[in-house]
Amino acid sequence: MTRKVGVIGTGHVGAHVMFAMAAYGVCDELVVTDINQQKAESEAQDIFDTISLLPKRVRVSAGTYEDLADCDIVVNAAGKVDLLIGSVDRGLETEFTINAVHTWVDRLRKAGFNGRLINISNPCDVVTREIALGLGLPEGHVFGTGTGLDTARLKSQLAEQTGLDHKSIIAFMLGEHGNSMFCPWSCVYISGKPFSQLDKSDPRFDFEPEELEKRARMGGWKTFAGKHCTEYAIASTAARMAEAVFNDSKMIMPASRELHGEYGVEGVFAGVPCVIGKDGAEEVLDLHLTPEEQKKFDDSIAAIRENMAKADSMFPVKQN
């Protein structure tokens with residue numbers, strides 16, 4: 001079977017998604033699209049020139065949105081990150097990214113796309129919802145990177161603090177991929193022990209959880225401050241998710257998926273732990289949150305709804 005991936009948008013993120021897919025050997029064929037056709041062709045050529053140096057051969061080409069119809073997975077990375085310079089609000093991209101979705105979503109649906117779609121573009125939860133509404137695919141087939149990368153940032157902070165391997169740590173960032181995301185510390189396990197049971201006399205575990213959580217939340221902005229983009233980590237997040245779909249890994253990882261009563265929420269895409277396999281974000285894991293954590297989750301959902309309202313004012317949701 002040929003594993004085919006399409007990438008929409010060849011800016012900082014899209015170009016690195018292309019490279020990650022090729023370098024990690026996630027797919028056999030890459031098709032890239034962009035509103036700037038020359039940019040897409042140039043990025044495709046750059047990957048093509050790299051293939052003989054990679055461990056696996058990958059076919060790569062630039063194409064139209066219709067050329068993505070037979071892709072197994074499409075990654076949306078179309079955005080305008082320059083809008084965030086001087087700010088820490090991903091919602092500032094809403095007008096651009098929602099409009100960008102409507103330049104291609106109808107074309108992709110009419111072309112017969114029936115694969116899985118992973119959205120990166122911000123505000124991630126709202127853009128993922130817009131794409132899902134536009135494509136009309138089965139539940140879970142459209143999902144976003146959500147708090148997947150933010151969780152990786154949290155684990156990196158915990159690994160550095162404790163000196164333990166990332167894989168010995170279970171922790172999640174939940175809610176909006178934005179400033180209202182949070183870590184439910186009641187659900188954190190380190191070396192098999194609940195966070196509350198760790199021996200705080202051990203200097204490895206003597207730290208302020210709120211400070212590590214803040215570092216994870218602001219990690220993207222620390223990267224953005226010096227280079228006005230984030231690239232490697234988010235591209236690797238998308239590649240890891242695509243790999244989980246292709247391999248039907250049933251990997252547990254936070255993703256932006258629509259909630260249907262989980263965490264007491266209906267009809268909102270938010271970052272929550274999901275089982276990722278051949279059918280996309282197949283299942284939501286409904287963690288047991290403390291009342292304080294549930295309040296934080298509810299506040300984060302409220303922030304997502306604010307951006308949803310902006311999107312709906314631009315392209316009102318059609319009622320069946």
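Biologist: In what order do the three strands of the open sheet lie?

Modeller: This is a predicted model, in which local features need pLDDT of at least 70 and side-chain atom pairs count only at pLDDT 80 or more, while totals for chains, interfaces and linings use all residues. Residues are numbered from 1 along each chain as its sequence is written, and side-chain values use heavy atoms, with hydrogens and water left out. Strands are DSSP runs of E with at least two residues, helices are runs of H or I with at least four, and both are numbered from the N terminus; two strands pair if DSSP finds at least two bridges between them. Strand 7 (169-170) and strand 9 (193-194) are the edges, each pairing on one side only, and the antiparallel order is 7-8-9.

Biologist: Which residue of strand 8 is the bridge partner of Ile170?

Modeller: Strand 7 and strand 8 (residues 189-190) pair in the antiparallel sense over two bridges. In strand 8, the partner of Ile170 is Tyr189.

Biologist: How many disulfides does the structure hold?

Modeller: A disulfide is taken here as a pair of cysteine sulfur atoms within 2.5 Å. The sulfur of Cys274 lies 11 Å from the closest cysteine sulfur, in Cys124, and is therefore too far away for a bond. The number of disulfides in the structure is zero.

Biologist: Is Cys274 buried or exposed?

Modeller: Buried means under 20% relative accessible area and exposed over 50%, with partly exposed in between, for a 1.4 Å probe and protein chains only. Because the relative accessible area of Cys274 is 0%, this residue counts as buried.

Biologist: Which residue in strand 12 is the bridge partner of Cys274?

Modeller: Strand 11 (residues 266-277) and strand 12 (residues 280-284) run antiparallel and are joined by four bridges, with a hairpin of two residues linking them. The partner of Cys274 in strand 12 is Val284.
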